[in-house]
Amino acid sequence: MTDVLSAAPHQTILIVDDDPELRRLMGEFLGRHGYDVALAADAPAMDAILTDRRVDLVVLDLMMPGEDGLSVCRRLASAGKTPVVMLSAAGEETDRIVGLEVGADDYIAKPCSPRELLARIRAVLRRAADRDDASAPGDRGERERYDFNGWRLDMLRRELRSPDGVLVNLSSGEFALLRAFLEHPQRVLTRDQLLDYARGRDAFAYDRAVDVQVSRLRRKLEATVGGADLIKTVRNEGYVFAANVRRV
């Protein structure tokens, strides 16, 4: 099942939830606040919408028939483009951490107020816009990139390539975190500093949220040649990016 509620020709929010009444209520509320809203009951319906139109953010239920929310979130994160706010009745810290682990940009426990959902969506979209502005052509030049240990991060294309040319897919959160490390190499960064540099002061941070993001990024780097020991843990302080970094 798919349907679209027209609100305004602005940003589009895709709500993926198998509860038709909750889907409708969330869609109507977001529509009244200026968003175009697309509704999907499951993963195939979501895929059909994403194929046909541009979506700025996905509100994704964890528990769905067929492909569950974690699997869907992992797919979206691997594409590295569309922010995801995960919505679930499972609200324990471990569930939030798992949601972040697979690539969600934020996690909200059901039941939540529509206004909280709206605030979270606005914050995630604002962070995404800030990241896009930072990587857009301008005073820094249209070809800005960072080189380190044979790796190359192209800020305009948002592409990370390993020393042997392998393209490494990054979620939006991983991209922002890597950029924070590359902008402040060889110095210890606390978790608060990383949250500030990577996601902005309006981020809804969870305990261990930075650790989860660092762990995901570290695994992707270490899985490819030349990526071992780039991110070092400094006990009781934070993390340091150990490579020499050159901005081109």
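**Arg23.** I started with Arg23 and found this residue in helix α1, which covers residues 20-32. The model is predicted, and I kept that in mind throughout. Is Arg23 buried or exposed? I looked up its relative accessibility and got 2%. Arg23 is buried, because the cut-off for that class is under 20%.

What lies 2.5 Å from a polar atom of the Arg23 side chain? I found the backbone oxygen of Asp17 there. So I noted this pair as a polar contact, since the limit is 3.5 Å.

**Cysteines.** I looked for disulfides next and found zero in the structure. Cys73 has 0% relative accessibility, so I put Cys73 down as buried. Cys112 has a relative accessible area of 23%.

**Whole chain.** I turned to the secondary structure. The chain has eight helices and 13 strands. How much of the chain is buried? Of its 248 residues, 48% are buried; Arg23 and Cys73 are among them.

The chain exposes about 11,800 Å². Carbon and sulfur atoms account for 48% of that area.

Last, I checked sequence separation in the contacts. I took those between residues at least 6 apart in sequence. Of these contacts, 63% link residues at least 24 apart.

Conventions
Residues numbered from 1 in each chain as written. Predicted model: local features only at pLDDT ≥ 70, side-chain atom pairs only at ≥ 80, totals over all residues. Heavy atoms only, no water. Helix = DSSP H or I, 4+ residues; strand = E, 2+ residues; numbered from the N terminus. Buried < 20%, exposed > 50% of the residue type's maximum accessible area, 1.4 Å probe, protein only. Contact = heavy atoms within 4.5 Å. Areas by Shrake-Rupley, 256 points an atom, 1.4 Å probe, with all protein chains shown as cover. Disulfide = S-S within 2.5 Å. Polar contact = N/O pair within 3.5 Å; in protein donor to acceptor, adjacent residues only side chain to side chain.
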